[in-house]
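Please find below a short note on the model under review.

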Amino acid sequence: MSQKTIGGDAIDRDDLAKYLATALDITRFRDFCPNGLQVEGRREIKKLVTGVTASLALLEAAIAKGADAILVHHGYFWRGEDARVIGQKHGRLKLLLAHDVNLFAYHLPLDMHAEFGNNAQLAQRLGLLAEARFGEDDLGWLGTVADASIATVGDLALLIERQLGRVPLLIGDPAQKLGKAGWCTGAAQSLLGDAIAAGANVYLSGEISEPTVHLARESGVAYLACGHHATERYGVQALGTHLAAQFGIAHDFIDIDNPV
Ligand SMILES: [Zn+2]
């Protein structure tokens, strides 16, 4: 892929947007938000900050670090939201615009990318080998745990605790033998039915809802709620690391903790 950089350690904002549009194949997805440059800032990008969500706390931390651009998984302008620039939205946009900082956001393209995606990056950390996809738009991934010593659902829960640094909520029997695992990061509790149909005997996602518990219990498929934020910290980090190597720009990932 050809790209034009301003210097050895900087990239033009529009060139970065073009590069990411191709690399993440953004036109492939029917998404709930615009993917790409969401808020335009200065032209020259030397310093990139990545984070999970473009919250006010992330913007403040990124600006304090001298970011020219912020790249997140959860950006702004979600379908159906109040379009007015008031309240929370005003506070965030005002800060970005006042500091002339670019905001790039990639939602589904960053969940699904084969290398930088949240599903792929979570699989890498847990040693999950993907074999198939399931659910709407193939958002769910199905596979097996590579490490044979991870034999039960309880073993998998402990592995998640070690790798993600937090205790997952397990609905099911920890002693249940592991079969096929299904996974989808974030708020993908609604894919449990598809995971069951695809043959998973354990399903991992970020969030869980009240009805999810009953479906897990009544189907005998174990459910591991590992945290929406916790499961989606890895895609932006992998992408930021790649962009730093590709264009010689500086990159920091900032983790604004979120218990959900
Ligand atoms: Zn998410």
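1. Just after helix 3, Asp-100 adopts a positive phi of about 60°. Helices here are DSSP runs of H or I with at least four residues, strands are runs of E with at least two, and both are numbered from the N terminus. The model is predicted: local features need pLDDT of at least 70, side-chain atom pairs count only at pLDDT 80 or more, and totals for chains, interfaces and linings use all residues. Residues are numbered from 1 along each chain as its sequence is written, and side-chain values use heavy atoms, with hydrogens and water left out.

2. Helix 3 comprises 12 residues (87–98), which at 1.5 Å a residue should span 16 Å; the expected span is 1.5 Å times one less than the number of residues. The end C-alpha atoms are 16 Å apart, in agreement with that expectation.

3. Which residues of helix 3 are buried? They are Lys-89, Arg-92, Leu-93, Leu-95 and Leu-96, where buried means under 20% relative accessible area, exposed over 50% and partly exposed in between (1.4 Å probe, protein chains only). An α-helix has 3.6 residues a turn, so residues three or four places apart point the same way.

4. The face turned away from the buried side of helix 3 bears the exposed residues Gly-87, Lys-94, Leu-97 and Ala-98. The cover over the buried residues includes strand 2 (36–39), helix 2 (56–64), strand 5 (69–74) and strand 6 (102–105), contact being heavy atoms within 4.5 Å.

5. An unreviewed UniProt entry lists His-73, His-74, Asp-111, His-228 and Glu-232 under "binding site"; such annotations may be inferred rather than shown by experiment. Although spread over 160 residues of sequence, they cluster in space, with a largest C-alpha distance of 12.0 Å.

6. His-73, in strand 5, is buried, with a relative accessible area of 1%. Asp-111, in helix 4 (residues 108–112), is likewise buried, at 7%. A polar contact of 3.1 Å joins their side chains; the term denotes a pair of N or O atoms within 3.5 Å, one able to donate a hydrogen and the other to accept it within protein, with sequence-adjacent residues counted only if both atoms are side-chain atoms.

7. Leaving aside neighbours within four places in sequence, the contacts of His-73 include Glu-232. Asp-111 also touches Glu-232.
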